[in-house]
Amino acid sequence: MLKLRIFLRPYSNLSKFRNTGIIAHIDAGKTTTTERMLYYAGKTKRMGNVDHGDTVTDFLPQERARGITIQSATTTFNWGKGGCVNLIDTPGHADFSFEVMRSLKVIDGCVTILDAVAAVESQTEKVWKLSKGIPKICFINKMDRVGAGFSRTVKEIITKLQTRVAICNIPLFSNTTQDAGFQGVIDIINDKIIKWESENPDKYAVHDIVQSVDPTLYEEVLNCRTSLIETLGEIDEIFVEHFLEEAEADYMKVSPIEIMQAIRRNTIKNTIVPVLCGASLKNIGIQPLLDAIVSYLPNPTEARLPELNNSAVPITYDEKNGLVFDHNNNICVALAFKVITDTIRGLMVFIRVYSGQLRNGCTVYNTTTQTKFKLGKLAIMNANVPEETDVVSAGQIGVLTGSTIAEKVATGDTIISHNTKKDGVKSFNKNVLSLKINPIRIPPPVFSATVEPKTLGNKDSMDAALSRIVLEDPSLHVSKDMETGETVLSGLGELHLAIAEDKLVNQLGAEVRFGKTTVTFKETLTYPSDVQTISNELGFQFSISIVPLELYRTNKHGLDSSQTDIYLGMDNNYLSILKNNIPINAEKWLFPLPYESFVHSLMASAIACFQRGGRLLNFPLHSCVAIVHDWEIPVDVTKPNEVLNLSRNLMNQILTAIPSSSYTVLEPLMNIKIIAPTKYLGSLIQDLTGARNATILSVQENQDLSAIEGNIKYRNFADEQYLPPDPTMASLNASDQIVDVKIINARAPLRNLMAYNKTLRSITQGTAELSIDYHDMEKVPEEQVQMILSGA
Ligand SMILES: Nc1nc2c(ncn2[C@@H]2O[C@H](COP(=O)(O)OP(=O)(O)OP(=O)(O)O)[C@@H](O)[C@H]2O)c(=O)[nH]1
């Protein structure tokens, strides 16, 4: 049931689009802010509240029940004169970081929301790093809370996130000392006071700042403006010229428009981050934030170019048409970044169109799977409501619908089509047909749980439900334990699996039982296999060997890896094709089956074999390379399946022939960062090095966090920046403000960190901040493999 019908002009004015993501630490207020944006943009009639479970973007039952965002939600609205914002609200919890990663792949700019009391938190740093290269705005939220520190947060943004800032507005309090009531913001660029009425979300008043009426406030704005202008003067030559010539070096004479243009130029270049503040829950500061999104973040023609697999296809930007691939503006290129199954509307695949336009009913080519298909209906999203459209143009985020769409396009696939012809795919050359936007990296799953049907009769529905959740969330992974026959679901964290269980049981109605959540183990090879050859009566022949990635990388397996084409599969496993021995060069491929399909089939074989697991404990293989040394295939081969079957048989044979002594077990090794008061240091280290078997990498001594985290350059930027006093900080007890903390960086096996948060809370009375990140897979010591074997 699609709603409304939106007709868009072809290439409808690219400069108006802002594909924007909202990223932050958990609970910073992303959903609350998004809700206000939708309201003020006229998309909703009332503001939902996370705490009442009635927000637009957190629409899943699990999100509403738990008050957290689990999946990213896309919504579109207009703002200001001709701005069209495609907004993606992303989850803050680390277990859902794949949702953040896939959103970052398709956005051109983002808003980072910070809690003014907590300032820069661990997940803020993580998502900031993930979004490297994407222009950003910072919104310091929750300025209404006791202990909110605008200037302290700005200082941490500069030093911890290592960026220069452009402070666009500062907080306005009703009282400058104790228990300050947050009322609004002071616009530094336009010299205005904006005050919101707490009782009425639609009312706010704008006043000029008059020096004779309020000299203190005027002084404050002058200081901030001077600092802003000096910062812009250091990085922007056009601005300097204007400042010296037109504004006659008078800080108050510089026109707001010149300041805004300089901020825009430098935000897009990633040399500066505009900073604004507010309190979303109190409806304060949202309109200036929306203005800033449209004013400072890039439109699709100003954004970074997508990374492609094939440098042979030139891409350029054209003012009118946006991205142009291969000098041919008739090519439409889009990336599928998300699949969801809506209970009412069925399957929906989210796409970002990079060039040209996709039309209802046209024929498209999936360059990832090398298959052609016809598009069904197109739509754009308003949170969970699709609105039908005839065309999705360059720069837009759209939705492909139709009951079989998910069989044809998956997350990370590139699709291309002809802009004008209904079926113009055959007019594209081979380079374009193999063009792919680099896929979205899927983090490795580190936790697993067995899933079993309650009765044998529930098995088929369980498999169908599992396929569906993996289709929607490729960071979940289903495998089979070859020894026990059990189905295993793996994910990025305990919460990730708990949500998956909830969804399977309560949303999809699967009658299943989950086993205990355990760490995901893998196996790898320690020695290379021999090269083995297999052939069949149809004329196929393959010569393949399987080697550990470590040996392949160091060329210790006897082959020069520069002589191979290498493709990344799952679990850090690779397929490598030896160039010299390929009978027919890929450039002059003469078979009816495209070369890409051929490689795709070989990759599918390798993935299936590696997933069958090693010979020690049947854990899926990790960090192995299947090398195809040589092949012969019949001249009339058309079916990828024939290639797949034979190569899979051969790889299975090879893996089975390798003695179990050549396999070893791997486990996830995690980076741990703990920020805790110094008085707990001894107990924390004792616990880490004892019970957790952790290696301590460093303990940072300095009491000033910003001094540790930021290098000298950024500390200097922070010192040069004028920062207004933080009145609400004065209401804290003096003892609360003195943070004598240490930062512990350590590394430990994940299996020793189960429920570590609880231990940390009890050791530090809840005063520590923890961040745990996947580092790598590490070999499990021999004696501990026996423990794992016995299930201890
Ligand atoms: N005092 C105060 N509380 C706020 C403000 N904005 C949000 N909150 C509260 O902070 C909590 C988290 O808000 P959310 O909007 O769910 O935060 P989020 O960043 O979307 O959370 P996740 O997506 O789960 O990471 C809720 O209880 C909100 O009511 C604010 O401006 N002031």
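Among contacts between residues at least 6 apart in sequence, what share join residues at least 24 apart?

**View 1. The whole chain.** The share is 73% of such contacts in the chain, with contact meaning heavy atoms within 4.5 Å. This is a predicted model, in which local features need pLDDT of at least 70 and side-chain atom pairs count only at pLDDT 80 or more, while totals for chains, interfaces and linings use all residues. Residues are numbered from 1 along each chain as its sequence is written, and side-chain values use heavy atoms, leaving out hydrogens and water. The chain has 22 helices and 39 strands (DSSP runs of H or I, at least four residues, and of E, at least two, numbered from the N terminus). Of its 792 residues, 56% are buried (under 20% relative accessible area, with a 1.4 Å probe and protein chains only).

**View 2. Helices α12 and α13.** Here α12 (residues 459–472) meets α13 (residues 494–507): their axes come within 10 Å and cross at roughly 130 degrees. Axes are lines fitted to C-alpha atoms over the stretch in contact, with angles from 0 to 180 degrees between N-to-C directions. Ala465, Leu466, Ile469 and Glu472 of α12 make the contact with Ala500, Lys503 and Leu504 of α13.

**View 3. A close look at Glu472.** Glu472 belongs to helix α12 and is buried, with a relative accessible area of 8%. Its side chain joins that of Lys503 in a polar contact of 2.5 Å (a pair of N or O atoms within 3.5 Å; within protein, one must be able to donate a hydrogen and the other to accept it, and residues adjacent in sequence count only if both atoms are side-chain atoms). Not counting residues up to four places away in sequence, Glu472 also touches Arg102, Val339, Ile340 and Thr341.

Note on methods:
Buried means under 20% relative accessible area, exposed over 50%, partly exposed in between (1.4 Å probe, protein chains only).
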